[in-house]
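Visitor: I would like to go through this model with some care, taking one question at a time. Could you guide me?

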Amino acid sequence: MPGSGKSTVGKLLARRLGLPFTDSDHVLEQRMGCPIRTYFEQQGEERFRDLEQTVIAELSTSKGVLATGGGAVLREANRQQLHAHAYVIYLRSSPDQVFQRVRNDRKRPLLQVDDPLARLKALHAQRDPLYRET
């Protein structure tokens, strides 16, 4: 889920294991030349997910710890790629816990809605089975 601590925990895990850390969202922002929120607004989620799939395919075969965006599991190709080439850790957080962490964060495009907690609950219902599968 967005705000579950993937980047924070990923950095700590990488340091502990002596491995490099990569955040796919940072790689995406470098390639797009703008923040994810801006890209979402200008190009739409589908184009973002296409680029994300390409980046995950590249990064998942590299040695190190990879933090993906919370929506990476929406694509079957991403789930298969991660399952085939990585040890996957699901940082489970409830929508209420995530809301407490991200309620003031304006960088998350999917949460820029009138009721972000309701959106988080909907995202959790949709994505939790996919996270568990992966």
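Visitor: What is the span of helix α4 from its first C-alpha to its last?
Guide: This is a predicted model, and in it helix α4 runs over residues 45-59, which makes 15 residues. At 1.5 Å a residue the expected span is 21 Å, and the computed span is close to that, at 20 Å.

Visitor: How wide an arc do the buried residues of α4 cover around the axis?
Guide: The buried residues of α4 are Phe 48, Arg 49, Glu 52, Val 55, Ile 56 and Leu 59. They lie on the same side of α4, because around the axis they cover an arc of only 125°.

Visitor: Which elements are included in what covers the buried residues of α4?
Guide: The cover includes strands and helices from several places in the chain. Among them are β1 (21-23) and β2 (65-67), together with α2 (24-32), α3 (36-43), α5 and α7.

Visitor: What angle separates the planes of Phe 40 and Phe 48?
Guide: A search of the whole structure finds 2 aromatic pairs. In one of them, Phe 40 and Phe 48 lie 5.1 Å centre to centre and the pair is tilted, with an angle between the planes of 50°.

Visitor: Is Tyr 131 buried or exposed?
Guide: Tyr 131, in helix α7 (residues 116-133), pairs with Tyr 90, which sits 41 residues apart in the loop between α5 (76-85) and α6 (95-102). Tyr 90 is partly exposed, with a relative accessible area of 22%. Since buried means under 20%, Tyr 131, at 10% relative accessibility, counts as buried.

Terms used
Residues are numbered from 1 along each chain as its sequence is written. This is a predicted model: local features need pLDDT of at least 70, side-chain atom pairs count only at pLDDT 80 or more; totals for chains, interfaces and linings use all residues. Side-chain values use heavy atoms; hydrogens and water are left out. Rings of Phe, Tyr and Trp (its six-membered ring) pair if their centres lie within 6.5 Å; planes under 30 degrees apart count as stacked, over 60 as edge-to-face and the rest as tilted. Helices (H or I, at least four residues) and strands (E, at least two) are DSSP runs, numbered from the N terminus. Buried means under 20% relative accessible area, exposed over 50%, partly exposed in between (1.4 Å probe, protein chains only). The expected span of a helix is 1.5 Å times one less than its number of residues. The arc is that of the directions from the helix axis to the C-beta atoms. Contact means heavy atoms within 4.5 Å.
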